[in-house]
Amino acid sequence: MSTEHKISLTVNGESVSQSVEPRLSLADFLHDKLQLTGTRLGCEMGACGACLVLLNGQPTHACLVLAVQADGDKVETIEGLNERAAITDLQEAFFDRNALQCGFCTTGMVVNAHAFLQTADAPDRDEIRDAISGNYCRCTGYEAIVDAISSVAEKRRGNSADGGTAQ
Amino acid sequence: MNMQRKSGSTTKHIGHSHRRLNAKRHLAGRGQFVSDKTLPRMLHAAFVRSPMARGRILDIDISDALKAPGVMRVFTAAELNRICEPWSGTLDHFAGMKSTPQNILSEGDILWAGQPVVMVLAHSRAEAEDACELVFIDIEDEEPVIDGAAAMLPGAKLAAPGLTDNICFQTVLETPGVDAVFAGAAHIFEESFIFGRHTAVTLEPRAILADFDSASGQLTVHHGTQTPYQFQDLYARHFNLREGQVRVIAPDVGGSFGMKLHLYHEEMGAVAASILTGRPVRFLADRLESFVSDIHARDHQVQARMAVSAEGEILAMQVDDLAPVGAVSAYPRTSAAEGNQVIRLMGAPYQMADYRGRLSVVFQNKVQTSQYRAVGHPIACGVTERLCDMAAEALGVDPFDFRARNLIRDDAYPQTSATGYQFEKLSHEACLQQLRQMMNYDGLRAEQAELRKKGIHRGIGIAPFVEITNPGATFYGVGGARISAQDGAIVKLTPAGDVQCLISVTEQGQGTETIIAQVVAEQLALQPSAVKVVTGDTDTTPSGGATWACRGAGIGGETALRAARKLRDQILSIAGKILQADAATLMLSDGAVVDAATGTHRLDLAEIGRIATYRPDTLPAGTDISLTVAHHFAPQGYPFDFTNGIQASLVEVDVETGFVKLLKHWVVEDCGTIINPLLVDEQIRGGVVQGLGPAFFEECLYDDTGQLTNGSLADYLVPMACEMPDIEIGHVETPTLDTILGAKGVGEAGTAAAGAAAMNAVNDALRPFNASVSQTPMTPARILAVLGH
């Protein structure tokens, strides 16, 4: 269509330039145009958290942002976090605790947990439940997810105390 | 076949918490759902839906839509329906059941708000939706039938054409002495219940990508479903294809819970459109259309009475269930199955000799209801357990003691319930005892009393339950439905000595592939990680029922076990030939054939694979060199394997606001042999939360014109992390003797009784106010209403 706009942004560290319709959401841009299918659509109104990505470092509903609004921005998706090994301990904890079933909410959940643990200082279970209260999971009942995030927070704290560096 | 042969001691996997290897893909963002799948030249489908609940189509004008950018085709019923055989959601064993035949797009009658009328195919979903806006449909509005009770009144408007009344199905189940028992009972307790209509809300909405290759006549359907074989059969029969021309592939499925095993108009539309265009056609429901087109569940109005003796024995129950199910019965499993289970599961945990259950399934102008996780169980359990608590309170008996007096004794099996269900062996008493200790019941009661003095109102509720699992042909096959009662597995040793299992049961995240790997690995004395399990493709796995009614572990697991033992015996037979030894003196251990008596290593599996594949010439003439075996298994013995358990809920009710805080939940459950404790516990936890959601939040709200008024994830409340309690789980293990494995199902146990325990807990908290609630969801407004605010 003649109304397409050219946008340039950084996605998972790679420069991307594409022409997009102004109405295209960032979620559809990532999922359909860039085939970053780990960014999922569950409600398209910011209620379920399946499409959470990091936009300039902040967890953001990609369904509520237009791709053209992300022009010049830095986007990181689950694929990027996975490849730069930023979430290895979270992935391991989710795996070990079986904190996922169908997997559809998992990517948004992990992106959110990653962002939460960047700032959370020794979160208790209620704080973790609160932090993920915008991520809808129909399968697990949430307890295993809370356990997994809690165990990562604890381990990272231990590492920091030992002089290691938290992610 | 020697079934007693022992596996190596290092390779005991059944009963161990193996992790799900397929979870790693999801954690890396590499899940592969139908909504991720694209094919060359794929077209995107969108539907124009009726905005009203009842009416007649007078005119449809698609001319502007056809000219819209990116649009390839615009179908009305005249074009699309003609290649599809209509369907009717009835089964022969529901005597007298009726339902108006259905096809893809409305042929004139509007039966519910959201019914598909026109289908648009375009280069993108956005363009298809744009064109939908340009379709003009003139509908003559008619008065819809909304209320279930009103639908049954003489002279009521009819919900669908071809009906003479709005009764879909009625049945009565009764013992001869029930009236006499009620007439002579010391106590009768009664209550009216309303269980709200809710829906599955899988996070991945329904998704299908149909790909008809007109050159080969082959239809391949990528379909987010739990039952690929059922859909292979349906697509073949309704589109006049041979079964062999239809392949259904179910990749990762983003939640199903029963909702994705029903036939939907839109999915049939995608297949029809692909056949007509010769191009791949994808339909992904968005959340708004999920709410008005996915099956809804429950919606039961129940009048119930319980007769109790002076000594506190449950003597009988009488139950009337009114179940409005929408304008048509779902296909192919019908919309009568839930009500049928409601009236049959009443009082199931108890020694109760007499019973009358009456069921009326009625039509109304809403989207169809049908089977969703724990079909009928939450209603039967909720009614039974509320009446038990009412009886216990009136008689001045503790709820635990009332159950202890009435539960079927653990040493009294086999048993047949007053409704005709046969129980092989259950463990209600053991579960009751374990729960009492696990939750520190006496301590909680003391704490409750202390807090009440401070104006804090906590409530404790318990709910024993049974769950129907491992169904045989009784469910559907006897009623004429082509729904497989059996499952099949192929197990093979590859030339390099790896093992693969291709099996008909499917994975939606519950861990099917993991438990099948455990079962196979144990028979072949391998690590589960050495067994690759393949599911969800009708071209590569054997035919079977797949996943529904909690059959994956019990039936699928048994199928895999027997297939793996067949392969084990075949491996040992070939090994015997190679080693010139009696196969009976050999066994498998750690990836090798060993001497059974001494454990001495004789031959690696890889060596057997090599010889049988590349050097069969070195084996004696006539040796069967097959290293691929197949086995199919259908349950025999009891019609179902019932499981049992008990749940408890601790809540705190704010009597000023009506808000309920869920503090803790407990479950003791007996699913027979536990194949994987980790996965069993997470099935229970997830199930509990799917029971608590509709108990407190979830409800499809309709206005009196038949409009769903809360059909979005901003308006329809689902349970989120901040509202849900931690859930403690205990187990009793009573294996079924119908199978070698002894496993029963567990997927629906949590959902079966969570709401009942919660309702009893809320009412326990409300006790000082002489108030009680008997409607779900138990919203703050409803709690305040019973409190008189």
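# Notebook: domains, chain contact, a sheet and a helix pair

I began with chain B and took the distance between the centres of domain 2 of chain B and domain 3 of chain B over C-alpha atoms, which came to 35 Å. What I have open is a predicted model, in which local features need pLDDT of at least 70 and side-chain atom pairs count only at pLDDT 80 or more, while totals for chains, interfaces and linings use all residues. Residues are numbered from 1 along each chain as its sequence is written, and chains are lettered from A and ligands numbered from 1 in the order in which they are written.

**Domains of chain B.** I noted the division of chain B into domain 1 (9–31 + 486–633), domain 2 (34–142 + 201–293) and domain 3 (296–473 + 637–786), with bounds that come from an automatic or database domain assignment. Between domain 2 of chain B and domain 3 of chain B, the contact (C-beta atoms, placed from the backbone, within 7 Å) takes 28 residues from domain 2 and 27 residues from domain 3. On the domain 2 side, helix α9 (residues 287–293) of chain B gives the most, with 5 residues; helices here are DSSP runs of H or I with at least four residues, strands are runs of E with at least two, and both are numbered from the N terminus. By class, I listed that side of domain 2 as 16 nonpolar, 10 polar and 2 charged residues, where Ala, Val, Leu, Ile, Met, Phe, Trp, Tyr, Cys and Pro count as nonpolar, Asp, Glu, Lys and Arg as charged, and the others, Gly among them, as polar.

**Domains of chain A.** The assignment for chain A gives domain 1 (5–81) and domain 2 (87–160), and I found their C-alpha centres 22 Å apart. Each of the two domains puts 14 residues into the contact. On the domain 1 side, β3 (52–55) and α2 of chain A are the elements that give two or more residues, and β3(A) has the largest share with 3 residues.

**Chain A against chain B.** I then looked up the contact between the chains, where 40 residues of chain A meet 41 residues of chain B. Several helices of chain A each supply at least two residues to this side, among them α4 (106–119) and α6 (143–161), but α3(A) gives the most, with 4 residues. The chain A side divides into 19 nonpolar, 14 polar and 7 charged residues.

**A sheet in chain B.** I traced an open sheet of 4 strands in the order β18-β26-β27-β28 (chain B), with mixed pairing, two strands being paired if DSSP finds at least two bridges between them. Its edge strands are β18 (457–469) and β28 (727–731) of chain B, each of which pairs on one side only. Strand β27 (residues 660–670) of chain B runs parallel to β28(B) and is joined to β28(B) by 5 bridges, and E669(B) stands opposite H731(B) in β28(B).

**A helix pair in chain B.** Last, I checked helix α18 (residues 677–696) and helix α19 (residues 749–766) of chain B, whose axes come within 7 Å and cross at roughly 45°. The axes are lines fitted to C-alpha atoms over the stretch in contact, with angles from 0 to 180 degrees between N-to-C directions. The contact residues include G686(B), G687(B) and G691(B) of α18(B) and G750(B), A754(B) and G755(B) of α19(B). By class, this contact has 9 nonpolar, 8 polar and 1 charged residues.
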